[in-house]
There are 2 protein chains.
Amino acid sequence: MLILKNIAHLIVDSKTVLHSVDLLVEGDRIVKIAPNLPVPDGAEAIDCSRCAVLPGFVNAHTHLYQTLLVGQRDDLSLAGWCDQVLTPPITALYGKIPPKERERFSYLWTAVGICQMLRSGVTAFFNMDINYAQDGMFRAAKEANVRGYIGLELADLFLSDEKGLRRDLAEVERLLKTYPETCVVTPSEPNLCSEAALSALSALAKQYGALIQVHVDETAREAAQCVSERGKTELEYLDSLGFLSPRFSAVHGVHLTKREIELAAQRGVTVVYNPKSNAKLGSGVCPIPALNQAGINISLATDGPASNDRLDMFEEMRFGAMLQKAALSNPKAVTATDVFAMATTGGANMLLLDAGELKEGKLADFSILPLDNPRLAFGTADLISTIVYCAESGDVRDVYVGGKPALKNGVVTGFDESAVTKEFYEILHRLLDEIQALSK
Amino acid sequence: MLILKNIAHLIVDSKTVLHSVDLLVEGDRIVKIAPNLPVPDGAEAIDCSRCAVLPGFVNAHTHLYQTLLVGQRDDLSLAGWCDQVLTPPITALYGKIPPKERERFSYLWTAVGICQMLRSGVTAFFNMDINYAQDGMFRAAKEANVRGYIGLELADLFLSDEKGLRRDLAEVERLLKTYPETCVVTPSEPNLCSEAALSALSALAKQYGALIQVHVDETAREAAQCVSERGKTELEYLDSLGFLSPRFSAVHGVHLTKREIELAAQRGVTVVYNPKSNAKLGSGVCPIPALNQAGINISLATDGPASNDRLDMFEEMRFGAMLQKAALSNPKAVTATDVFAMATTGGANMLLLDAGELKEGKLADFSILPLDNPRLAFGTADLISTIVYCAESGDVRDVYVGGKPALKNGVVTGFDESAVTKEFYEILHRLLDEIQALSK
């Protein structure tokens, strides 16, 4: 049992803050929230005076293998970036690392990414990654005690042949069987996948009841290409293959048409907002107010660390609000409350997870953020605003997932962060010259 | 004497990085940059292996008194924000604090702001503040060993009567005489000042050779109001009063016309880019590529802590680049190099200060940033990009201004940061309820 004592500010959800309460956890759930709860025998008690306790953030879309590529190249559009930065080194990687080291390497890049995310209060993340010993990624998330939803990013028209596709589909099915709770189905993008691949993945997702996530209408070029080649907009095309349901999330959605927005609303689809990545790649600005008006669930994400380049949900929230205000010349376009909801309940809804709010009966996924820093000292005036506009990765002291610690007093509990980081960069620096030579 | 030894990466300017060199400071200047310099007798030596050494950032526009108002209200346009959030409590302040406490209070809010800025590598800042015991502000900057350019923000049509104007003009002249190096002339905004006030300030600035800064064309409404009431665009109007020269900076410039851009270029005026503030208030997006094309000097700023709400030049740089890429749907619109130049040479140019680059003969204004953090570990691939997109306030270890420390091993040297912070918030919390009641 775990009890948070003297919580100065308990953020129930984006609209409700309680003051001076305690919170009791039994097993992986919050069982009681009230002032002055007695500390049960044997319970661990954590003092939360002068702290805010926040629902855990969901980083709803990332690609942690891109930790390999941070800082390699900027100022490219998505297509140019994929061609010049992403694909050559990633393709080369398959040959550069001895097979017996692969599981370790994928473990390491996932662990390095998780350390960064924990410091910004993330309790769950959704990751599309390359077909590269994915078991290492699941292992890192499990050891870190973070809810890591991980899928193999399929792009058979881009990266593989027919034999490769058969091998990848078999691997997806193996992973779905091995990690039934957190393995997800992730075709990269409609234009990058054959219809055979998409149909097979749609069937697998149905069979295993898995969550599905696909890049949709990220750039105007992709949106137009789908219409031209498949005769349908991306979301309509995916719907024709049976993808759309509340288990489906459309990443980016920058160029969704009016009809696609209606369709997303009808099917209960989530749209994942990636403001910094969309901005950096010049992809455009996701039409958040229109999505809100249509009643669509919206989650928030950093995207991969090579197009952001940080995994900081606080910065993502404020950028997400400010970008809309700027794009629409309207300071009310998207508020702090809106983006806080995307990062919490929006993410939990996408994962069909009984979390995202701190209420009795909900999963005990939360972070603890001391408000002593002068940057945060106005917490009591409008706490959600202060957190959205002033907090940063590193301000979080503790992260608990299902009532168990993942970050405690700023220290990652699941593994030795500095050892993991050192090992990752040792392997990487062996490859760095080759990667840089390839990404020209 | 001071010598930086074994500098892993010395950022000379936005386009040049040297590796494995030493840097020798004598007095307030950099006198030698070369590998393996001997340590002179009695010199302090600082090990900079695994560190980047950066030219000091100039925060080219802020209002530190707004530390009083952080987190009070969001989602308002500039006009609504001034009317509802800014003016009532600020006006009330004059009566709330006993006169003998005023100098101390203004000292404290300046000190609190300086602590935040130092952590993001700021060595100089330009502050427009209220007429409230400004000596305290100059004192805080001097004690902190930061170049604090401070002006009294005049807005006589908005805030005072004729008698108040006479008193304020006398105060400006007193400050110009008392602080000849760093006192600046700052009419708030053409629409908020009488022509009598502007003419008097223009004359004072000429007489004392002072820098001048004015809010120009921040919102479409202000730009239109000036044309309607004064028969000229803001910059043309200010030019007709003799303001425009290389000593003049126009803050925001979001709605500059083509003719105003030509005029700014002709007169050698600086435009101050405030991307986050402009975004948050929905003011629009400053036309940076057009300003660049016209050859205008551009500096970068956070604006005040109530419309940002952080004083973090790293975040401001990346937001400044990303906002342009997003607004123009062009990933090349503004690069990491561009915004780094705005934060360094652009700022130094605005201040007519022989700094902004780390070269022999220049002022020794720099920060030291360790690259050990995994977020920054790719520093060697493209250091400027890594710093712009990945670094954050708090990553800076040391800040030196004119060869003397202002931040050393993360500790502010000029005063006791925690004592100053505690005292500021104690006074503030006495006022907070009243301020909140007034800003409704």
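Colleague: Which side chains does a polar contact of 3.1 Å join?
Modeller: Those of Asn297(A) and Asn349(A). A polar contact here is a pair of N or O atoms within 3.5 Å; within protein, one must be able to donate a hydrogen and the other to accept it, and residues adjacent in sequence count only if both atoms are side-chain atoms. Before you ask about the ground rules: this is a predicted model, local features need pLDDT of at least 70, side-chain atom pairs count only at pLDDT 80 or more, and totals for chains, interfaces and linings use all residues. Residues are numbered from 1 along each chain as its sequence is written, chains are lettered from A and ligands numbered from 1 in the order in which they are written, and side-chain values use heavy atoms, with hydrogens and water left out.

Colleague: Where is Asn297(A) found, and what does Asn297(A) touch?
Modeller: Asn297(A) is in strand β13 of chain A, residues 297-300; helices (H or I, at least four residues) and strands (E, at least two) are DSSP runs, numbered from the N terminus. Leaving out residues up to four places away in sequence, Asn297(A) touches Val269(A), Thr270(A), Val271(A), Thr345(A), Gly346(A), Asn349(A) and Met350(A). Contact means heavy atoms within 4.5 Å.

Colleague: On to the interface. How many residues of chain A are in contact with chain B?
Modeller: 55 residues of chain A, against 55 residues of chain B. The area buried between the two chains is about 4,300 Å², with 60% of that from carbon and sulfur atoms. Buried area is the accessible area (1.4 Å probe) that two parts lose on being put together, summed over both.

Colleague: How many salt bridges between chain A and chain B?
Modeller: The count is 6, taking a salt bridge as a side-chain nitrogen of Lys or Arg within 4 Å of a carboxyl oxygen of Asp or Glu. Arg310(B) forms a salt bridge with Glu392(A), with the closest N and O atoms 2.5 Å apart.

Colleague: Which helix gives the most to the side of chain A that touches chain B?
Modeller: α12(A), with 7 residues. Helices α10 (275-280), α12 (313-327), α14 (383-390) and α15 (417-438) of chain A each supply at least two residues of that side. By type, that side of chain A divides into 24 nonpolar, 17 polar and 14 charged. Nonpolar means Ala, Val, Leu, Ile, Met, Phe, Trp, Tyr, Cys and Pro, charged means Asp, Glu, Lys and Arg, and the others, Gly among them, are polar.

Colleague: And over all chains, how many salt bridges?
Modeller: 66. One joins Arg259(A) and Glu262(A), the closest N and O atoms being 3.6 Å apart. Both residues lie in helix α9 (residues 258-267) of chain A, 3 residues apart, about one turn of the helix.

Colleague: Backbone next. Which residues does a cis peptide bond join?
Modeller: Asn308(A) and Asp309(A), with omega about 10 degrees. In chain B, a cis peptide bond joins Asn308(B) and Asp309(B), again with omega about 10 degrees. Asp309(A) is in the loop between β13 and α12 of chain A, and Asp309(B) is in the loop between β13 (297-300) and α12 (313-327) of chain B.

Colleague: What about the phi of Asn145(A)?
Modeller: Positive, about 60 degrees, although Asn145(A) is not a glycine. Asn145(A) is in the loop between α3 (135-144) and β8 (147-154) of chain A. Most residues other than glycine have a negative phi, and most peptide bonds are trans.
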